[in-house]
Amino acid sequence: MPKARKPFVDFRDIRSRITMEQVLSHYKLLDTFKRSGNSLSGACPIHKGTNKTQFRVDTEKNIWNCFSECKHGGNTLDFITKMENCSIHDAAIKACEWFDISFDEVKGADAEPEEKAAAAKSAAKSRPAPPPAPDDNKPNPALKFRLDKLQREHPYLIQERGLTLETIIDFGLGYFTGDRGMMVGHIVIPIQNIKGELVAYAGRWPGEPPDADTPKYKIPPGFKKSQEVFNLDHAIKEPADKPLVIVEGFFDVIKLHQNGYRKVVAIMGDSMSSVQEELIRRHTDKNGLIIIMLDENAAGQAGRKDIAGRLSEHCLVKTHVFDQPDAEPEYLTAEEVQRLLGGVV
Ligand SMILES: [Zn+2]
């Protein structure tokens with residue numbers, strides 16, 4: 001007997017159509033939470049806790065986190081998987097049923113050829129086809145899965161990197177405790193494209209790698225980091241008159257964000273690809289200011305010179321030179337960030 005095939009659905013699309021508030025009210029839980037701005041707090045309905053401060057929901061970002069037994073957080077579909085103890089696929093199907101989303105509208109790219117053709121046909125009515133691109137310039141596709149089993153309060157993030165739980169959740173970081181896949185034993189860093197779609201997880205070995213064969217960072221094979229600018233999807237939501245700060249690494253972005261400067265992006269290295277240049281240009285006004293703040297070492301110095309040359313044709317560019325050799329934006333204190341960037345207009 002062949003297994004009955006389940007409909008393929010696009011998780012991201014479904015997620016964009018539902019809110020945490022809708023999901024909580026489906027479970028008749030919404031009224032049990034205390035509201036404060038964009039935040040809801042209450043007892044964790046997943047592990048059925050009683051402490052009313054341990055479960056928090058961000059109603060704007062549509063994410064949740066249990067700071068107690070679950071030590072886990074996630075998005076709307078993750079919440080349903082926990083409540084129903086089901087797969088993410090089943091959670092997506094349930095969400096479609098509960099919130100009246102038609103399967104046709106959220107058909108994933110993995111659908112069978114005829115379904116795919118039908119879905120493409122109906123999508124073509126509302127959307128113009130994207131221009132054809134050469135293969136190596138093909139954008140990174142959005143991931144169809146989410147890593148579960150992330151330990152948020154990991155010592156590497158809290159103690160070694162000095163991150164707060166709020167920052168960790170904001171960036172979706174965590175130590176992957178699963179037992180399969182290339183991210184086993186790594187801190188994962190979700191990378192989103194300009195549209196906010198998850199396109200990859202970068203893995204960071206938590207600490208100094210044990211030997212020369214273990215790299216500090218792991219990037220999934222096939223993922224082209226030259227196509228993405230880390231955190232640009234969030235940075236473009238900051239005021240247009242605020243300078244855009246360009247740094248090298250994930251943790252430079254994350255730490256500047258935590259220290260109060262949120263219009264910051266990383267080129268994930270010390271050089272800027274042409275696609276990254278185009279993305280940055282497209283989202284920076286001609287009257288805008290870009291501040292290049294790469295690491296104070298030979299590669300960073302060469303990189304900032306090249307990037308400044310290329311971007312200054314487009315807008316005003318300042319390069320930040322650190323006094324100390326080997327200084328990095330990540331190591332700036334909140335006061336230094338305020339002093340360096342708080343006053344810039
Ligand atoms: Zn819980």
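Predicted model: local features only at pLDDT ≥ 70, side-chain atom pairs only at ≥ 80, totals over all residues.
Biologist: Okay, and where is D100 found?

Modeller: D100 sits in the loop between helix 4 and helix 5 (113-126). It comes after helix 4, and its phi is positive, near 60 degrees.

Biologist: How do I read a positive phi?

Modeller: The general idea is that most residues other than glycine have a negative phi. D100 is not a glycine, yet its phi is positive, at about 60 degrees.

Biologist: And which phi does D326 have?

Modeller: D326 has a positive phi of about 65 degrees, and it is not a glycine either. You'll find D326 in the loop between strand 14 (316-319) and helix 12 (334-342).

Biologist: Is D326 buried or exposed?

Modeller: D326 is exposed, with a relative accessible area of 53%. The cut-off for exposed is over 50%.

Biologist: Let's move to the metal. Which residues coordinate the zinc ion?

Modeller: The zinc ion is held by C44 through SG, H47 through ND1, C66 through SG and C70 through SG, at 2.0 to 2.3 Å.

Biologist: How do I read the geometry of a site like that?

Modeller: Look at the angles: for four tetrahedral donors the ideal is 109.5 degrees. Here the four donor atoms make angles of 98 to 113 degrees, and the site of the zinc ion is tetrahedral.

Biologist: How are the donor residues spaced in sequence?

Modeller: The pattern is C-x2-H-x18-C-x3-C. H47 is in the loop between strand 2 (39-42) and strand 3 (55-58), while C66 is in strand 4 (residues 63-66), so this pair ties together parts that are 19 residues apart in sequence. C66 also counts as buried, at 1% relative accessibility.

Biologist: Now the helices. How do I describe two that pack together?

Modeller: You give the angle between their axes and the distance between the axes. Helix 3 (residues 76-84) and helix 4 (residues 88-98) pack at about 105 degrees, with axes 9 Å apart. That makes helix 3 roughly perpendicular to helix 4.

Biologist: Which residues of helix 3 and helix 4 meet?

Modeller: From helix 3 come L77, D78, I80, T81 and E84, and they meet I88, A91, A92, K94, A95 and W98 of helix 4. The residues of this contact divide into seven nonpolar, one polar and three charged.

Biologist: Which residues of helix 4 are buried?

Modeller: They are H89, A91, A92, I93, A95 and C96. The general idea for such a list is that an α-helix has 3.6 residues a turn, so residues three or four places apart point the same way. The buried residues of helix 4 pack against helix 1 (11-17) and helix 3.

Biologist: And what is H257 in contact with?

Modeller: H257 touches D170, F171 and R262, leaving aside its neighbours within four places in sequence. Its place is in helix 9 (residues 250-258), and at 10% relative accessibility H257 counts as buried.

Biologist: Last one: how many helices and strands does the chain have?

Modeller: The chain comes to 12 helices and 14 strands. Of its 345 residues, 46% count as buried. Among contacts with a separation of 6 or more, residues 24 or more positions apart account for 59%.

Notes:
Residues numbered from 1 in each chain as written. Heavy atoms only, no water. Donors = N, O, S within 2.8 Å, 3.2 Å for Na, K, Ca; no water. Tetrahedral: all angles 85-135°; square planar, octahedral: opposite > 155°, others 65-115°. Helix = DSSP H or I, 4+ residues; strand = E, 2+ residues; numbered from the N terminus. Buried < 20%, exposed > 50% of the residue type's maximum accessible area, 1.4 Å probe, protein only. Axes fitted to C-alpha atoms, helices over the stretch in contact; angles between N-to-C directions. Parallel < 35°, antiparallel > 145°, perpendicular 65-115°, else oblique. Contact = heavy atoms within 4.5 Å. Nonpolar A, V, L, I, M, F, W, Y, C, P; charged D, E, K, R; others polar.
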